Number of protein chains: 2
Amino acid sequence: MPDLRRDPIVGRWVIISTDRNGRPHDFAQMQPVRPISTGLCPFCPGQERLTPKEIMAYRPEPAEANAPNWSVRVVPNKFPALQVEGDLGREGMGLYDRMNGIGAHEVIIETPVHKDSLADMPTKRLEDVLWAYRDRIIDLKRDVRLRYILIFKNHGAAAGATLEHSHSQLIALPVVPTSVMNEIEGCRLHYQHKERCMYCDILKQDLAHGERIVAENAEYACVTPFAPRFPFEMWILPKRHAGHFEESEKQHFEFLAPILSESLRRMDRVLSKPAYNFVLHSSPVHEKTGDFYHWHIELIPKLTQVAGFEWGSGFYINPVSPEESARSLREAVL
Amino acid sequence: MPDLRRDPIVGRWVIISTDRNGRPHDFAQMQPVRPISTGLCPFCPGQERLTPKEIMAYRPEPAEANAPNWSVRVVPNKFPALQVEGDLGREGMGLYDRMNGIGAHEVIIETPVHKDSLADMPTKRLEDVLWAYRDRIIDLKRDVRLRYILIFKNHGAAAGATLEHSHSQLIALPVVPTSVMNEIEGCRLHYQHKERCMYCDILKQDLAHGERIVAENAEYACVTPFAPRFPFEMWILPKRHAGHFEESEKQHFEFLAPILSESLRRMDRVLSKPAYNFVLHSSPVHEKTGDFYHWHIELIPKLTQVAGFEWGSGFYINPVSPEESARSLREAVL
């Protein structure tokens with residue numbers, strides 16, 4: 001049973017997941033994780049038996065579960081950081097607080113084609129991936145034990161991907177993660193003073209100035225943040241206030257898929273197809289934060305190594321200004 | 001001029017340091033930084049002209065500055081993230097806040113011997129390194145623009161070291177970094193309720209239980225934290241309350257050097273000499289936090305890759321329990 005623990009000083013929760021020792025790794029060797037590019041891929045059609053039984057799949061024609069003819073497929077992570085069954089078991093241990101590592105850890109296989117990348121896929125197929133995110137969030141929201149559902153993607157070994165076949169992951173948690181909570185608290189304070197969403201205010205100022213805009217359409221903007229942690233960090237946000245990603249509708253995804261695709265292609269063009277991570281920050285599941293928190297995607301190419309200074313201080317050194325990175329991304333010829 | 005910027009949502013300050021582009025790196029290639037093990041090492045005796053002029057050095061016999069006969073030598077970082085001269089230039093830009101990247105960025109060369117590592121050095125020489133940290137903090141504290149002085153070490157390419165020759169770094173900042181501030185705020189709250197230091201309470205509980213103790217002597221303990229972000233994460237703390245590292249005295253360093261050495265050697269033994277980072281968290285320079293904040297060293301072997309989930313959520317997945325890691329570290333035969 002994995003363990004969820006709260007650091008009593010900063011309030012940071014962590015998963016102690018000793019069960020993951022079954023996963024192939026070797027601390028002593030300190031090899032970066034390499035993607036598998038040979039032989040059997042468990043995410044390829046025809047290999048469905050190599051993953052846990054599917055949770056959901058989109059198929060052009062009706063077929064039985066775990067059959068090969070899917071376009072997007074969602075399966076439980078084979079080495080989950082959290083487990084679905086059980087109760088939370090909240091308890092104190094002297095000064096400390098703990099609870100059981102209850103939650104969900106799923107894999108969204110974004111394409112049946114092994115060599116596809118999100119950036120290269122037709123936007124219609126990218127829309128399906130967004131629908132899969134939405135459908136999974138809506139389903140998991142019904143579980144009252146869960147407080148937060150985080151969707152993220154590791155692309156490339158340097159960004160932490162252990163399998164090459166394009167996929168995202170979903171982790172559903174019984175606590176709201178620190179980073180999101182910090183953002184929410186900042187937004188809450190701003191809203192208390194001004195009755196406005198802070199991301200809306202940021203977007204208004206940035207769209208007026210334009211120097212940190214990477215791409216834009218009727219519904220969404222891709223910007224580089226004023227104070228980015230990482231070079232070429234990008235945020236994709238709805239232009240109109242929206243607290244919950246999963247409340248997006250068809251016409252939204254028709255605009256979100258193209259801007260996500262464009263952002264990835266601009267990044268690939270400028271940075272020669274880097275490894276990258278993205279993460280979807282949406283409002284917590286059962287909290288009323290939708291008025292003042294604004295969902296967004298944070299997209300970060302993996303270019304620099306986070307060393308002692310950054311993790312030790314939460315104070316990042318970024319060698320590229322966001323105005324400079326926005327300009328080169330914006331001016332890239334696609 | 002580097003730029004210091006505050007993210008208006010979470011309050012995180014970052015340095016936008018475009019001057020560092022002069023440093024050899026190539027975003028497109030995404031090569032991990034490799035240590036230099038051949039030819040000319042700028043940190044070796046005889047090569048003093050390859051570094052900026054020294055700030056301070058310990059020499060067994062009096063000699064002129066930048067001569068070779070030193071045991072510990074402190075020089076400005078050749079590619080500093082901050083610059084010493086100038087005023088803070090605090091200003092608002094609409095929603096945003098910025099100031100100039102004023103501060104110091106120094107390198108503490110810990111040994112004249114290229115192949116030495118902190119773990120292998122006699123503890124008397126490790127004491128000298130601690131004295132150098134103390135002397136530099138005391139000197140920089142006199143600069144009223146500075147709010148925080150952070151000392152950290154990147155050991156090995158995987159942990160972000162760009163030079164092989166053993167060294168630590170010092171960054172002096174005009175703001176208190178987020179991670180330290182979060183710790184201080186947690187401690188402040190605890191103190192308001194209980195009039196006790198939270199780290200003291202933690203130490204008391206952990207020393208009584210013993211299961212997370214790695215090493216211990218009359219003045220210091222090395223523990224694995226209850227909720228570690230990383231496998232084999234260790235904290236070294238004074239057993240008696242102390243807010244400011246730089247107020248340590250001779251008898252303290254005579255106990256701190258051996259426990260730091262022992263912790264590193266236990267780590268090297270269990271994990272086969274991994275790359276690692278450590279960071280010294282002490283009280284801010286001019287704030288009265290010494291009653292409730294407790295200085296400590298955070299030591300983290302670089303074993304896992306921090307991927308999308310961790311940076312996107314501030315919610316770490318750690319595959320080893322701190323009780324398990326403390327036990328193997330404690331039981332290692334040195």
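The model is predicted, with local features requiring pLDDT of at least 70 and side-chain atom pairs counted only at pLDDT 80 or more, while totals for chains, interfaces and linings use all residues. Residues are numbered from 1 along each chain as its sequence is written, and chains are lettered from A and ligands numbered from 1 in the order in which they are written.

**Domains of chain A**

Chain A is split into domain 1 (3-177) and domain 2 (179-331); such bounds come from an automatic or database domain assignment. Domain 1 of chain A puts 28 residues into the contact and domain 2 of chain A puts in 26 residues, where two residues are in contact if their C-beta atoms, placed from the backbone, lie within 7 Å. On the side of domain 1 of chain A that touches domain 2 of chain A, the elements giving two or more residues are helix 1 (123-140) and strand 8 (148-155) of chain A. Helices (H or I, at least four residues) and strands (E, at least two) are DSSP runs, numbered from the N terminus. Helix 1 of chain A gives the most to that side of domain 1, with nine residues. By class, that side of domain 1 of chain A has 19 nonpolar, four polar and five charged residues. Ala, Val, Leu, Ile, Met, Phe, Trp, Tyr, Cys and Pro count as nonpolar, Asp, Glu, Lys and Arg as charged, and the others, Gly among them, as polar.

**Sheets**

In chain B, 10 strands make an open sheet in the order 3-4-7-9-8-13-14-12-11-10, with antiparallel pairing; two strands pair if DSSP finds at least two bridges between them. Strand 3 (56-58) and strand 10 (213-216) of chain B each have a single partner strand, so one side of each lacks a neighbour in the sheet. From one strand to the next, the twist averages 20°.

The open sheet of chain A has 10 strands in the order 3-4-7-9-8-13-14-12-11-10, and the pairing is antiparallel. Its edge strands are strand 3 (56-58) and strand 10 (213-216) of chain A, each pairing on one side only.

Helix 3 (198-209) of chain B lies across strand 10, strand 11 (220-223), strand 12 (234-238) and strand 14 (296-301) of chain B, and runs at about 75° to strand 11 of chain B. Axes are lines fitted to C-alpha atoms, for helices over the stretch in contact, and angles run from 0 to 180 degrees between N-to-C directions.

**Helix 1 and helix 4**

In chain B, helix 1 (123-140) packs on helix 4 (250-271) at an angle of about 110°, the axes being 8 Å apart. Helix 1 of chain B is therefore roughly perpendicular to helix 4 of chain B (65 to 115 degrees; under 35 is roughly parallel, over 145 roughly antiparallel, the rest oblique). Among the residues of helix 1 of chain B that meet helix 4 of chain B are L126(B), L130(B) and W131(B). The contact of these two helices of chain B has eight nonpolar, two polar and two charged residues.

In chain A, the axes of helix 1 and helix 4 (250-271) come within 8 Å and cross at roughly 110°.
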